[in-house]
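Q: I am new to this structure and would like a close look at a single part of it.

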Amino acid sequence: MALTSLFGCLVTVLVLFWCASLVRSALAPENEVPLRPTAWLPEGKITTVTLPKGRTRRLYFTLRKTPAMSLTVSPCDPPIEWTLAARTLKNKPLKSLEWSSKKSMPEVWWRGPGTEERIHSFSGNIADTYNGPASPRASVYILRLRSKQQSSRATVYLHQGPGISGAFPRVPVEPRVHTLGVGMTSVTLSWTPSTSLIGVPQTSYEYCVLVNSERNFPSVCAARESARKVEDKRRMEKKKRVMAWPILKEWWWEQWEADSETDADLQCACRGTESVCTVSELLPDTQYYFDVFVMDRVNGTSAAYKGTAARTHEEARPSITTLAEGELRWVTFHDRGSTSEQFFSFRPHGVQQNGLLTLQSCGGGDKVKVTVSSKGVVLTSQAVGKDLVQIWLQGSPVYVIHLQSEGTTITNLPAGLTASVKMQTSSAYHRRGVPSLPSTLQVKSFNRLRGCNSVTLAWMGTEERSLYCVYRRKLGPDALTAPCLGPESRSDTERVLCKYFQELNPRRAVTTAVIGSLEPGTTYVFDVYLMRRWGIPIKYASKTVKTRKEC
């Protein structure tokens, strides 16, 4: 019994709900549609229209009895689509229909019977203007705007009557920006002057040149939006405030400053009435984009030229000389009294890519500096003097050697060399470090063993098996004593002996040599050279000895 009552109640409720739906549909007007947002487009006024992504915005307007009209649409940044259509109604809508239904007047025209003719359409991100005759039979004009890529906004201006509205500056038929010259830190631009600047006060119009390293902007609005995004990103990177009031205060000032932006906030590289501009203080070897805008100070509008791009020249790279395996090179600096430099490259042989760089300055008072780098990373940097410098190269396929002279005291050197450096590079296939050097480069002579025709010399060697050569010459005023001079600068007649020597104990690594066939009572200068497989020869300190007159 209870189940029967419950079922009866449920049926009664369903019947009442169905009847109510029928009554509501019968009372509703036949052509009732949801009220869509509509707007009238005023004449002679710059109107900003917000465009949500993917949605079509409609603006309606009518014309007075005028033979012509012009409509200008200027997108902010992303491309938009816009069309202009003239709609002609068959019957004029009744006033009772207009006010009895919940529709606006444009909506009644939109829904009413009639014909529609498309007058103009455009797609892009640059300003476009329709100039044409007015339709004598049009009841209402419909402007449709849509942004597919992202939410944006556009500026619309309607002008009734023939001729140019004058609300926007005019750009020439050839609106391209030309590049006159490109330097390392500057670019010179030129463009055809705008006709808006001819015959008007100089305070009404001006050019504004913008430069950035990202892209060209189709309008001033796009440039402002890009600058605002950069500024917003910078603000977001700031540390968050702890107290609520400082946050609110900072937000309020930021909103006030954002709302009060004018043309003055544009960082124009050039501003004025000249159609030539030189943008300076640029970075070398960098791509830049240049945009030129004509600014109307009275109406607050602008027009864009077609921007251009240019890449500044790179800095002058020094020439790099390739060093061969085992090559002995004399480096000469020709600029006296000023800083000069030279660059070299060396590629070691072998799988281990090990090498040895040896250097020695020929000028006793000259300041020479060597810097070795690989792949842009400095490995070592040190001064080069009269003492031999050994630099071990390991683990890189190519090394760049930078020699720099500060050009101080000039000494007399062989072949007129100035601040010269003796340098050699060689691969070291099986070595693990730089070769060992003698503990001292002094040469000693024994007075008791000095005779009329011979002398005895002694010097320190190393634990490695090496060749030692002794050269002699008579003491004279024309003798060359530069520290970098090696066996290659000596005559073969001056070489008296060469011998191999090795001692594993560095403290006992002393070798001697008896030099004979000398003249009695004559002063000789003896030079000992350590001839190495890797690196330039090492010259010991010259030793002067005089043979006995009588024996």
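How many residues line the largest pocket, and which lie nearest its centre?

A: This is a predicted model, in which local features need pLDDT of at least 70 and side-chain atom pairs count only at pLDDT 80 or more, while totals for chains, interfaces and linings use all residues. Residues are numbered from 1 along each chain as its sequence is written, and side-chain values use heavy atoms, with hydrogens and water left out.

The largest pocket is lined by 49 residues, and Ser74, Ala127, Phe168, Ser302 and Ala303 lie nearest its centre. Here a pocket is, on a 1 Å grid over the protein atoms alone, an open set of points where a 1.4 Å probe fits, with protein on both sides within 12 Å along at least five of seven lines, and lining residues have an atom within 4 Å of a point. The elements that give two or more residues to this lining are β3 (68-75), β6 (128-133), β8 (152-160), α4 (220-236), β14 (287-296) and β15 (301-304), where helices (H or I, at least four residues) and strands (E, at least two) are DSSP runs numbered from the N terminus. Of these, α4 gives the largest share, five residues. The space in the largest pocket comes to about 1300 Å³, a volume being the space filled by probe spheres set on grid points that are joined across faces, edges and corners. Sorted by class, the lining has 21 nonpolar, 18 polar and 10 charged residues, with Ala, Val, Leu, Ile, Met, Phe, Trp, Tyr, Cys and Pro counted as nonpolar, Asp, Glu, Lys and Arg as charged, and the others, Gly among them, as polar.
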